[in-house]
Amino acid sequence: MAVDARLRPGWEATMDWSSLRLDHVRALLRQAGVVLPPPEQPPTPRDVQAVLDALCELSEHDALTGLPNRRAFEARAVQELDRASRAGETPLLLMVDLDHFKRINDEYGHLAGDTVLQAAADTLRGTVRPMDTVARLGGEEFAVLLPNVTPARAQALAERLRAALQRAVTVPDGRTVAISASLGGAFAPPWVRTTLANWLERADRQLYEAKRGGRNRVMIEPLRHDEVSAEEKDMLYGLLGGPAPSIAGAEQAEPDVT
């Protein structure tokens, strides 16, 4: 059976790269603010790889805010679901929705709305912990993924974000817009296989309750502790080759946010 030349060492040297046309894609990347090394003529594998890496990076980020987009966020969330089911951790998913955003667009214009979205993104990015992930899912809706959060600290972490988002933003015409946000959260249950769709739906339900309750507030679904018994946890950790950690130890490992 013939072996694909691309599977043999040194296959790059046998490729004819001169026919590749990268000018258009380089122009698109420049327009998006991506800085690439000067092009080589004819293109080399290193040249092509730089363009591919830049395109991958661009495809995972929201153009307006620079935050990870829905695609990138969902990939990260699936990893946390897997960790929760195998290691018993409790990641928290927060859905964040700016209050009365349509009114801002209608009264101040869409350029002002974009400024508000960028300000909200910067606020979230600057308020979360280093291990957290903030993404823009679309419109005025953001999501925050917080790994390994103890239930006792969840409300404080979410309230910190809510308080930071309750602020004034100066829009391009010089006027000041007061903004706030509603947050809904749900934990991924430890030791249980669940789906991303289910996790998102539960967090969305809490967001709806926060909106219905008057906005500018946090609602978090309580974490059930009865999904897996202590004996099942010990058995699962035995299969993984290690002792089950104590809850007290997990509490001590949680960073202080006060």
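Predicted model: local features only at pLDDT ≥ 70, side-chain atom pairs only at ≥ 80, totals over all residues.
Residues are numbered from 1 along each chain as its sequence is written, and side-chain values use heavy atoms, with hydrogens and water left out.

With a relative accessibility of 0%, A77 counts as buried; here buried means under 20% relative accessible area, exposed over 50%, and partly exposed in between, with a 1.4 Å probe and protein chains only. Which residues does A77 touch, if we leave out those up to four places away in sequence? They are L145, L196 and W199, where contact means heavy atoms within 4.5 Å.

Is E80 buried or exposed? Its relative accessibility is 1%, so E80 counts as buried. Not counting residues up to four places away in sequence, E80 touches P91, L145, P147 and W199.

The axes of α4 and α8 come within 10 Å and cross at roughly 100°; axes are lines fitted to C-alpha atoms, for helices over the stretch in contact, and angles run from 0 to 180 degrees between N-to-C directions. The two helices α4 and α8 are therefore roughly perpendicular to each other. For such words, angles under 35 degrees count as roughly parallel, over 145 as roughly antiparallel, 65 to 115 as roughly perpendicular and the rest as oblique. On the α4 side, E74, A77, V78, E80 and L81 take part, meeting L196, W199 and L200 in α8. By class, the residues of this contact are six nonpolar, no polar and two charged. In that grouping, Ala, Val, Leu, Ile, Met, Phe, Trp, Tyr, Cys and Pro count as nonpolar, Asp, Glu, Lys and Arg as charged, and the others, Gly among them, as polar.

Helix α8 covers residues 196–212, and A197 is found there. A197 has a relative accessible area of 57%, so this residue is exposed. A197 and E74 are 123 residues apart in sequence, yet 9.7 Å apart in space from C-alpha to C-alpha.

Let us turn to another pair of helices. Helix α5 (residues 101–108) and α6 have axes that come within 7 Å and cross at roughly 140°. The helices α5 and α6 are therefore oblique to each other. From α5, the contact uses F101, I104, N105 and Y108, and from α6 it uses H110, A112, G113, V116 and L117. These residues divide into six nonpolar, three polar and no charged.

What else does α6 meet? Helix α6 (residues 110–127) and helix α7 (residues 151–165) have axes that come within 10 Å and cross at roughly 145°. The crossing of α6 and α7 is right-handed; a crossing is left-handed if the near helix is turned anticlockwise from the far one by less than a right angle, and right-handed if clockwise. Here A120, T123, L124 and T127 of α6 meet R160, L161, A164 and L165 of α7.

Two loop residues deserve a stop as well. Most residues other than glycine have a negative phi. H100, not a glycine, has a positive phi of about 55°, and H100 lies in the loop between β1 (92–98) and α5. Its relative accessibility is 36%, so H100 counts as partly exposed. N216 also has a positive phi, near 50°, and this residue lies in the loop between α8 and β7 (218–220). N216 is partly exposed, with a relative accessible area of 23%.

Finally, step back to the whole chain. The protein chain holds ten helices and seven strands; helices (H or I, at least four residues) and strands (E, at least two) are DSSP runs, numbered from the N terminus. Of its 258 residues, 40% count as buried. Among contacts between residues at least 6 apart in sequence, 69% join residues at least 24 apart.
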